[in-house]
Amino acid sequence: MEQQDLNKRLLLALVLSFFVFVGYSYFFPVEQLTPKQTTEDKTIANTHQTPTVSTTSNTTAPIASSTPTSAAPVQDAIASIATIKSDHFIMTIDEFGRIAQVELLEKKYQTEEGENLKMIGANVVKPLEVRFSDPALNEEAFKIPYVNRGSKIVDVNTGTQTLTLTQTLSSVTLTKRITVKPTGEYEVTIETSNPAAYFITPGHRPMADSSRYMLVRGALVKTSDNIIKTIEDGDAEGIEKFKHAKIASAFDRYVASMFFDFDKGLNVSILKEANGDPLIFVQGQDKLTLHAYIGPKNERVLKAINPELTDAIEFGFFSFLSKPFFKVLLWINDFVGNWGWAIILFTLLVKLILFPLSYKGMMSMQKLKDLAPKMKEVKEKYKGDPAKMNAQMMEMYKKHGANPMGGCLPMILQIPVFFALYRVLLNAVELEGAPWILWIENLAQMDPYFVLPILMGASMWFQQRITPTTMQDPLQEKIFKFFPVIMTVFFIYFPSGLVLYWLVNNLFTIAQQYFINHMYTKHKEAAVLAHKKTKD
């Protein structure tokens with residue numbers, strides 16, 4: 001195979017990969033439906049997709065009913081019956097026993113307007129909403145409020161606190177006990193006075209970020225056989241069921257509302273909302289105890305609750321690389337105390353690990369560059385006989401120790417590394433609000449002055465200048481020359497942590513190229529000297 005064809009295919013693969021994995025998601029984001037709803041519309045959205053279940057078995061998962069219930073509307077602006085406070089959050093419980101709002105108090109989560117981040121959106125299904133299988137009972141449940149006989153202000157800073165709520169319906173009394181810890185971990189126990197099939201939800205996914213990056217949002221389920229299933233917003237079918245699931249999480253970029261049970265498991269069904277978003281429901285019968293968490297997907301907080309809970313941090317297709325990358329970055333950050341320098345040191349580590357392959361690949365490119373005139377002669381000589389032309393070229397490669405694939409491999413390896421790190425730097429809540437130096441005050445946000453993207457584009461252009469190539473197609477060469485400009489445009493609004501990685505990667509590659517050029521010059525000089533000695 002000719003090096004020109006290899007270069008062409010590799011270039012095409014890089015461009016297409018970038019467009020597919022990044023460009024399309026950035027320029028064509030999934031539209032978030034936020035219509036202005038009337039009270040009647042909210043009734044349909046919040047209560048007309050009531051799960052139903054066979055009462056002959058307490059392990060049968062719920063399914064979405066095709067017949068709307070006659071339940072009364074649950075308005076968003078409902079009075080609160082309890083407020084739970086900690087140093088990290090304020091949680092509000094409304095009169096239907098739901099978590100109406102969670103307000104994060106840490107400065108790093110503040111909005112651009114300087115307001116505290118409120119995780120739960122308006123007009124969405126709230127965490128801890130209970131729906132009964134019996135339509136008539138369900139309708140009644142959305143009319144009769146819960147009663148809180150304890151304190152309306154609960155402070156968990158001093159330790160775990162329990163809130164007891166009761167709802168007295170015509171045929172059953174439901175008791176809901178919510179035990180909250182300062183970290184955002186809580187436990188909810190639901191008990192009915194008489195047998196009644198019901199379902200409870202961690203709510204619609206929290207709405208903590210509106211970025212247009214390649215993000216995955218929706219529902220995550222860790223099954224009983226340890227497989228992670230992700231159902232993205234807009235992709236729910238409404239028939240997904242998971243028996244004895246370990247984790248059921250409604251998640252956004254940095255935050256999540258989740259239930260988990262690593263012993264008995266959860267019987268989970270996914271309902272399809274009007275816009276195709278997934279909505280998690282867990283089946284209950286009589287008495288049900290659920291472990292839960294709502295808040296930022298901080299790796300150390302989740303690990304302290306249960307190490308297995310860190311699987312709720314979603315890294316996508318390249319998780320097999322993203323997870324170890326993230327752990328290494330955490331370790332380096334613990335050592336240097338700055339995420340920017342941690343990214344730089346991590347990039348250096350990756351370059352050192354890949355250096356043997358890069359060295360061989362760059363040396364092959366140098367040899368192929370020197371062979372380019374001879375390759376052209378062979379191509380002209382045997383242009384009517386492709387088989388003989390390829391045979392002659394392969395003989396030439398073998399004679400001079402050149403590998404036509406050698407220059408491609410390091411670049412190909414960079415693709416999964418880049419996208420794995422892309423997901424880490426995009427999804428790791430630890431980078432939110434993390435500064436580097438000078439004007440970079442948040443590595444999770446774009447460079448406000450576009451310095452890093454411009455430097456990255458310039459470094460890519462310079463790297464092209466010193467990298468040997470055998471391109472002969474003028475169109476291909478023009479596209480390749482414009483690639484730094486295209487990449488700079490894409491990276492302008494990307495998180496500065498990701499741009500920093502790519503810039504530093506380019507700088508280390510330039511240093512490698514200079515080193516290889518120097519070594520190859522010495523290699524050629526040694527070869528000429530050896531040839532002269534042979535002649536003499």
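Arg423 is buried, at a relative accessible area of 6%; buried means under 20% relative accessible area, exposed over 50% and partly exposed in between, with a 1.4 Å probe and protein chains only. This is a predicted model, where local features need pLDDT of at least 70, side-chain atom pairs count only at pLDDT 80 or more, and totals for chains, interfaces and linings use all residues. Residues are numbered from 1 along each chain as its sequence is written, and side-chain values use heavy atoms, with hydrogens and water left out.

**Salt bridges**

- The structure holds 15 salt bridges. Each is a side-chain nitrogen of Lys or Arg within 4 Å of a carboxyl oxygen of Asp or Glu.
- Arg423 pairs with Glu314, and their closest N and O atoms are 2.7 Å apart. Arg423 lies in helix H8 (residues 408-427) and Glu314 in the loop between helix H4 (299-305) and helix H5 (319-336), so the pair ties together parts 109 residues apart in sequence. Helices (H or I, at least four residues) and strands (E, at least two) are DSSP runs, numbered from the N terminus.
- Glu314 is buried too, with a relative accessible area of 8%.
- Asp252 and Arg217 meet through their side chains in a salt bridge of 2.6 Å, N to O. This pair links distant parts of the chain, 35 residues apart. Asp252 sits in the loop between strand S17 (247-251) and strand S18 (255-260). Arg217 sits in the loop between strand S13 (197-201) and strand S14 (218-222). Both Asp252 and Arg217 are buried.
- Arg131 and Glu129 form a salt bridge of 2.9 Å, N to O. Arg131 has a relative accessible area of 1% and is buried. Glu129 is buried, also with a relative accessible area of 1%.
- A network of salt bridges links Lys222, Lys246, Glu308, Asp311 and Lys323.

**Nonpolar cores**

- A nonpolar core is a set of buried Ala, Val, Leu, Ile, Met, Phe, Trp, Tyr and Cys residues joined through side-chain atoms within 4.5 Å.
- The largest nonpolar core has 117 residues. Ile93, Phe132, Tyr186, Val268 and Phe491 have the most contacts inside it.
- Helix H8 gives the most to this core, with ten residues.

**Strand S5 and its partners**

- Strand S5 (residues 99-104) is mostly covered, with five of its six residues buried.
- Strand S4 (residues 89-94) pairs with S5 in the antiparallel sense, over five bridges. Two strands pair if DSSP finds at least two bridges between them.
- Met91 has Val102 in S5 as its bridge partner.
- The hairpin of S4 and S5 has four residues between the strands. Gly97 in this hairpin takes a positive phi near 70°.
- S5 also runs antiparallel to strand S6 (residues 117-118), joined by two bridges. Glu103 stands opposite Lys118 in S6.

**The nine-strand sheet**

- Nine strands form an open sheet with antiparallel pairing. Their order is S8-S10-S11-S12-S21-S18-S17-S14-S15.
- Strand S8 (147-148) and strand S15 (228-232) stand at the edges. Each has a single partner strand, so one side of each is left without a neighbour in the sheet.
- S14 and S15 pair in the antiparallel sense over five bridges. Val221 has Lys229 in S15 as its bridge partner.
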